[in-house]
Amino acid sequence: MKALIRMKFGLMLVAVMLFAVGCAATDGTTSGSKAKAKTYDPTGTWDYYVSTPDGGSAGKMVITGAPGAYVGVLQTDQFGELEMSGLDVQGTQMTANLEVMGMSADIDCSFDGDSMQGTVYLGDDALPIEATRVSK
């Protein structure tokens, strides 16, 4: 039981980081139906928090790269560094995946300036995630 709780916690943490990375990519500003969206730059270090049934998990999410090639890593106390895969930013929306203890977690979030909110999906659980950019 304790191992299952730790695994869910770890997956939630990873999902939160992925969510934060994706949410920071663009701001979605357009000036017409065919206008290009203004590019949002999600790069930097983000403090994140994932709410869990056991109280929650916090850490740092680091996003580097450029539009179309962002890379994200969640730094956790419990699982070390977890790499985000499939990180995609469209407008102010971000999606990503990560693996924690053999389980897959999906992150879906949106950015608003230096803040991010979203959800980490781990198994049947949908866990809220929040992040604040602390440096670029």
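Colleague: Where does Arg133 lie?

Modeller: Arg133 sits in strand β8, residues 125–135; strands are DSSP runs of E with at least two residues, numbered from the N terminus. A word on the source: this is a predicted model, where local features need pLDDT of at least 70 and side-chain atom pairs count only at pLDDT 80 or more, while totals for chains, interfaces and linings use all residues. Residues are numbered from 1 along each chain as its sequence is written, and side-chain values use heavy atoms, with hydrogens and water left out.

Colleague: Why does Arg133 count as buried?

Modeller: Buried means under 20% relative accessible area, exposed means over 50%, and partly exposed is in between (1.4 Å probe, protein chains only). Arg133 has 8% relative accessibility, so Arg133 counts as buried.

Colleague: What makes the pair of Arg133 and Asp114 a salt bridge?

Modeller: The term asks for a side-chain nitrogen of Lys or Arg within 4 Å of a carboxyl oxygen of Asp or Glu. For Arg133 and Asp114 the closest N and O atoms are 2.8 Å apart, and the pair is a salt bridge. Arg133 is in strand β8 and Asp114 in the loop between β6 (103–112) and β7, so this pair ties together parts that are 19 residues apart in sequence. Asp114 is partly exposed, with a relative accessible area of 41%.

Colleague: Why is Asp47 called partly exposed?

Modeller: Its relative accessible area is 31%, so Asp47 is partly exposed. Lys60 is partly exposed too, at 33%.

Colleague: How do you know that β1 and β8 pair?

Modeller: Two strands pair if DSSP finds at least two bridges between them. Strand β1 (residues 44–50) is joined to β8 by six bridges, and the two run antiparallel. Asp47, for instance, has Thr132 in β8 as its bridge partner.

Colleague: How many bridges pair β7 with β8?

Modeller: There are eight between strand β7 (residues 115–122) and β8, in the antiparallel sense. These two strands form a hairpin with two residues between them, and Gly123 in the turn has a positive phi of about 60°.

How values were computed:
Helix = DSSP H or I, 4+ residues; strand = E, 2+ residues; numbered from the N terminus.
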